[in-house]
Amino acid sequence: MMTILQEAAVGEIAVGRHLDMDYIIGDQQIHDEVVDWFEGIAENAGQTQTHTLQRIIQLNHATEYLRRYFGDDLRVRDMDPAELESLFTSVVPLVSHPDLDPYIQRIADGDSSPILTSEPITMLSLSSGTTDGRPKYVPFTRFSAQSTLQTFRLAAAYRSRVFPIRPGGRILEFIYSSKQFLTKGGLSVGTATTHYFASEEFKTKQKSSKSFTCSPYEVISGGDYKATTYCHLLLGLALCDQVEFVTSTFAYSIVQAFAAFEELWEELCEDLREGSLSSRVSSPEMRMAVLKSFSPNPGLATRIGSKCRELKMRWNWWRLIPTLWPNAKYIYSIMTGSMQPYLNKLRHYAGDLPLISADYGSTESWIGVNLEPSNPPDKVSFTAIPTFSYFEFIPLYNYKQQGEDHRDISNITISSTTDDFSEGQPLPLSRVKVGQHYEIVLTTFTGLYRYRLGDVVEVTGFYKGSPQLTFVCRRKLILTINIDKNTEKDLQMAVEKGSTLLATQDKNMMMMSRAELVDFTSHADVTEQPGHYVIYWEVKGEAVEEAVLRECCSAMDAAFVDHGYVVSRRTNSIGRLELRVVEKGTFGKILEHYIGNGAAVSQFKMPRCTNNQVLLTILDRCTVKRFWSSAYG
Ligand code: AMP
């Protein structure tokens, strides 16, 4: 019988074939095999990458796209892998999604000739962002689902060493499928997680880990995210003593679910007592599946009800999760990058329960796995998985740093992009340097070649031969009016500075306020001269004094340290920053707008800056107060 180690030949993740084997061999053996497999490929990460690329080219060199660059008579089989790698990186250009969009569009329209991959593509995923106002499509193949399964297995194996869980337990999983639709050419389109939840691999994961999600598939795929959340919570409560951990793809979904729980707990207890289901859930399939999954339990309902009353009255829902799910060992979700703003709220619900930051990937490809689950979310790094894709790294140098920086920058080309970075030549994974920032470039088994992902990472070390990456930010600037350049991370830091003042709102600093920032976004308003930044906040809890909000506004303005911004503010070529406070539920409306357009809560990331007229109309209609900064006099 083949072992996972043998199956995972370079560039192949044939994990779905041995379902039955997973039943036969014990959990520990599966974990050990996955770990052995990974340690082997990490040891020889550089060589593994060269072979991964060779495999991708062997499979797809006859496609229309690669023939454009390789010509018709590339003799792949006769070529040395290193020679092929150097040919590939010299003739195939770096591209971004818009460059590949015409090819993907033809696939979407039903052209089944080998355009990007030799195997026909039958599914497309929706990735974050848009191309010319249209959602961004990315090819999804069996390989995508297999690599997701292998990532989960790998992460679970390392997690189990520090935080073992009981086999046979349950997972309270806040996962959601998006609406799926067919393209003109009949290809099924949904988010990558939607395809994964519907795949064999998702079932395999549950069977092989012997941990089943609390909700049946009808709940996950129900399409109405509020009803799905209600059912996840209800079944999670019904199975509360068996839940081993709480999870979601991105942390936003967990925070969202427990914010809903604060409003729904009485109704949930009622359903639990009676074995009934709220009329909030209208889908007959979902109703039937849920009602079959639990029985009336008046004793449990009474216990949970009294815990909830105490959590609400005495603790403002602090430690909600361990109080109601006493056997949960940890919370596992992506907590880095654009999820950081939800971390405080998550900590509040988690109390002393460990928060484990989940792995790093994208619709385009999985990238790295968290091998050190005991690290807190702000210290987490992701070790690149060298068989999933061929990775290149474009060194990024910050203009501001160059004067004081003595790194070798002889290879730098000043980029024509409008951001703050100059770029070096792309490097293979084996040549990256610790401490350096890079943009990730992917060549995948799903037909993306030298594709700029747009994420900025920092190399923080190596695990054997494989680099460990921390996520820095999306490269794209979000706030820029003239010479100012601010990324999502800059905005996030400014908002963090401003919102800390909400917690100490009392004049005498005696009483801590219970006001908190629920969510935020921004807009560079250039309709009047000078243009200025507008930041929208939804605040929850006790009423905040206007003087405090004015201070928050000035603190945010002062917190943008980008030189271009500071100079522009001093000379008033950028106007005073404006804080607009929006009414309760505004960001929920934004979520609904996105869900209506095919997004899924599982992969949802609140846009941190918007020019979208629909969103601006929602935000402006819901604005209840406006404040202007006095940071620059
Ligand atoms: P999507 O494929 O549209 O769901 O989004 C993928 C993007 O989410 C990546 O390109 C990153 O920008 C972000 N992302 C994914 N995983 C992480 C992570 N662990 N930490 C921070 N950001 C992440």
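Where does Asn572 lie? I looked this up first in the predicted model. Asn572 is in the loop between helix H21 (563-570) and strand E23 (578-582).

**Entry: backbone angles**

I noted that Asn572 has a positive phi of about 60 degrees although it is not a glycine. Most residues other than glycine have a negative phi. I recorded Asn572 as partly exposed, because its relative accessibility is 44% and the buried class ends under 20% while the exposed class begins over 50%.

I then turned to Lys464, another residue other than glycine with a positive phi, here near 55 degrees. I located Lys464 in the loop between strand E17 (451-463) and E18.

The bond that joins Gln529 and Pro530 is cis, with omega at about -10 degrees. Most peptide bonds are trans. I placed Pro530 in the loop between strand E21 (516-525) and strand E22 (532-540).

**Entry: the ligand**

I counted 18 residues around the ligand, and the closest are Ser128, Thr336, Thr363, Asp455 and Gln603.

Asp455 places a polar side-chain atom 2.7 Å from an oxygen atom of the ligand. Lys605 has a polar side-chain atom 2.8 Å from an oxygen atom of the ligand. A polar backbone atom of Gly361 is 3.4 Å from a nitrogen atom of the ligand.

How much of the accessible area of the ligand does the protein cover? I recorded 96% of the 500 Å² that the ligand has on its own. I then listed the elements that give two or more residues to the shell: strand E1 (123-131), strand E10 (360-361) and strand E18 (466-474).

**Entry: Thr117**

I found Thr117 in the loop between helix H7 (97-108) and E1. Thr117 counts as buried because its relative accessibility is 5%, and the limit is under 20%. I noted that the side chain of Thr117 reaches the backbone oxygen of Glu119 at 2.7 Å.

**Entry: strand E13**

I examined strand E13 (residues 389-398) and found that 10 of its 10 residues are buried. In a regular strand the side chains alternate between the two faces of the sheet. I therefore looked at each side in turn. Ser389, Phe391, Phe393, Pro395 and Tyr397 are buried on one side, and Tyr390, Glu392, Ile394, Leu396 and Asn398 are buried on the other.

Which strands pair with E13? I recorded eight bridges to strand E16 (residues 437-444), running antiparallel; there, Tyr390 has Thr443 as its bridge partner. E13 also pairs in the antiparallel sense with strand E15 (residues 427-428) over two bridges, where Glu392 is partnered with Pro428. Three bridges join E13 to strand E14 (residues 421-423), again antiparallel, and Tyr397 has Ser422 as its partner in E14.

**Entry: cysteines**

How many disulfides are there? I counted zero. A disulfide requires sulfur atoms within 2.5 Å. The cysteine sulfur closest to that of Cys214 is in Cys240, and at 9.5 Å this is too far for a bond. For Cys553 the closest cysteine sulfur is in Cys552, at 8.5 Å, also too far for a bond. I recorded Cys214 as buried, with a relative accessible area of 5%, and Cys553 as buried, with 0%.

Notes: Residues are numbered from 1 along each chain as its sequence is written. This is a predicted model: local features need pLDDT of at least 70, side-chain atom pairs count only at pLDDT 80 or more; totals for chains, interfaces and linings use all residues. Side-chain values use heavy atoms; hydrogens and water are left out. A residue is near a molecule or strand if one of its heavy atoms lies within 4 Å of it. A polar contact is a pair of N or O atoms within 3.5 Å; within protein, one must be able to donate a hydrogen and the other to accept it, and residues adjacent in sequence count only if both atoms are side-chain atoms. Accessible areas come from the Shrake-Rupley method with a 1.4 Å probe; for residues, only the protein chains shown count as cover. Helices (H or I, at least four residues) and strands (E, at least two) are DSSP runs, numbered from the N terminus. Buried means under 20% relative accessible area, exposed over 50%, partly exposed in between (1.4 Å probe, protein chains only). Two strands pair if DSSP finds at least two bridges between them.
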